[in-house]
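This report describes selected residues, sheets and nonpolar cores of one protein model. The sequence and structure are shown first.

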Amino acid sequence: MIQAIYNQKDTSLYEQYSLLNTGLDEMIELQKTFVESTPYNSRILLKFDTSQIVSELGGSIATGSATKYFLKLYVTEPYEIPVDYTLNAFAVSGSWNVGSGRYSSMPSSSDGATWKYRLSSAATSSAWPTSSFGAGVTGSWATNPGGGTWYTASVASQSFSYQTADVEMDVTSIVKAWVSGTLVNDGFIIKKSSTDELSSDLFTSLKFFGKSTHTIYQPKLEIRYDDSIYHTSYSLVDYSDEVSVNLTNLQTSYAAESKARINISARPKYPIRTFATSSNYLDKYQLPSSSSYSIVDAHTSTVIIPFDDSYTKISADSNGSFFRLNTTSLPTERYYKLLITTKNSQGEEYIYDSNWIFKVAK
C-alpha cells in the first residue's frame, strides 16, 4: 500500500529579509542570492499531522521495520540552479507559527515564522536560538543569524545530478522518531547542504508547490508498506496466449477516505475448446505474484501511486486476485485511472489499461 497525508502548514524563511513571513504563499522556495558577493539563503518549514498515521495504520505498522516514509515536493519554477546539489531535511527543534504573510505583501507581514523569529516579530522572546543550543540541536547561517534550529541526529538528504528537481526523499528515521514519541513533531526544515549554502556557486531559485496551491501538487508525506497476501488457490493465467483482465466490482465513484476491495478477473482471452458441461469462460485464474497496480490522475496523467514490486502488489486468496483501494490520499472531486501490470515467467511485462476510471467524491 502507498498512501499519503498532506501538510498542515508551510512557509519560507528568507535570510535577506529576516522579518518577512510568507505563510500564505502558493509556493515555497529555496534560493541563494548575492548582494555585493555576500550570500543570502532561504529555507522551508513544513509540518504534517503524524497522529493521522498512527490512527490510520496502528502503531505496529506505523513504526514497523518494513514501513517507509517519503517526503514529496513538486517543483514549479527552477531557475539557475546548479546541475549537482544536495537538499537536506531535519526535524525542527521548536514550534512555529505559519503566519498570514506573502512575499509580495506591501507592507510585509511578520506575524508568523521568519528567519529571525519562530512565532512572530511581536513575540521577541521567540527568536530562533543562535547560541547555547540544547542537547542534540544546532543551527547555522551564512550572513544573518537565525534561520531555524534542528536536531542533528535527524538528517535526511537527497542529491541531484542532471535530473528533475522534484523531491522524493526518504525521511523514515525522522517520521518514526515522531510517531514513536522519541521526538516532538514540529515539522521539517528543508535546506541546501551547508556546502551549497556557503559556496560562491549560483543557486538563484528553486520553487515548489506549497499548501496554498490550487493544484494537486501539494507537499505530501508518502507512507509505504506491504499489505498484500498471496495464496495460490487457482491456476495462473498462461501468457503463451492473450489474457483478458477485468476489474469486476469497480464503482464509478467512491467517497473520500473510503476503502474498498477491488476484485480482478483474469482468464485466457481465447480458451482452448474442450468437451465439458460448463463454459471454459467460467474457469477461474489468478494473476502471478509479480503483478501490481497503479493509480494516475485521469486528467493530467500524473502518476499518483506508481507500480511498485514491494508496495502495490496484487493479492490473491480463495476468491481470486484483488487489491485494496484506499482513497484517503486522493484529492476529492477528481477522476482517476487504474492500471494493472504483470510479468510472465520469462520476466516479460504486460500492462493493462482498459480505461478503468473512478471518481473520488466529497
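## Residue Gln31 and the basis of the model

Gln31 lies in strand β3, which spans residues 27-35; helices (H or I, at least four residues) and strands (E, at least two) are DSSP runs numbered from the N terminus. The model is predicted: local features need pLDDT of at least 70 and side-chain atom pairs count only at pLDDT 80 or more, whereas totals for chains, interfaces and linings use all residues. Residues are numbered from 1 along each chain as its sequence is written, and side-chain values use heavy atoms, with hydrogens and water left out.

Gln31 counts as buried because its relative accessibility is 8%; buried means under 20% relative accessible area, exposed over 50%, and partly exposed in between (1.4 Å probe, protein chains only). With neighbours within four places in sequence left aside, Gln31 is in contact with Tyr14, Tyr40, Asn41, Ser42, Lys192, Phe203, Thr204 and Ser205, contact meaning heavy atoms within 4.5 Å.

Four strands form an open sheet in the order β1-β14-β5-β11, with antiparallel pairing; two strands pair if DSSP finds at least two bridges between them. The edges are held by β1 (2-6) and β11 (167-170), each with a single partner strand, so one side of each has no neighbour in the sheet. From one strand to the next, the twist averages 25 degrees.

Within this sheet, β5 (residues 68-73) and β14 (residues 220-224) run antiparallel and are joined by five bridges. Lys72 stands opposite Lys220 in β14. Helix α3 (residues 172-179) lies across β5, β11 and β14, and runs at about 115 degrees to β5; axes are lines fitted to C-alpha atoms, for helices over the stretch in contact, and angles run from 0 to 180 degrees between N-to-C directions.

## Nonpolar cores

The largest nonpolar core has 65 residues, and those with the most contacts inside it are Val171, Phe188, Phe323 and Ile340. Such a core is a set of buried Ala, Val, Leu, Ile, Met, Phe, Trp, Tyr and Cys residues joined through side-chain atoms within 4.5 Å. Helix α3 contributes the largest share of this core, five residues. Apart from this core lies another, of ten residues, among them Leu45, Phe90, Val92 and Trp115.

Beyond its neighbours within four places in sequence, Val171 is in contact with Tyr69, Phe70, Leu71, Ala89, Ala156, Phe188 and Leu221.

## The five-stranded sheet

A further open sheet has five strands in the order β17-β25-β24-β20-β21, with mixed pairing. Its edge strands, β17 (253-255) and β21 (303-305), each pair on one side only. The twist averages 40 degrees from one strand to the next.

Strand β20 (residues 292-297) pairs with β21 in the antiparallel sense over two bridges. Ile295 stands opposite Ile305 in β21.

## Strand β23 and its partners

Strand β23 (residues 320-326) is mostly covered, with six of its seven residues buried. Strand β18 (residues 259-268) pairs with β23 in the antiparallel sense over six bridges, and Leu325 in β23 is the bridge partner of Ala260.

Strand β22 (residues 315-317) also runs antiparallel to β23, joined by three bridges. The two strands β22 and β23 form a hairpin with two residues between them, and Ala316 stands opposite Ser321 in β23.
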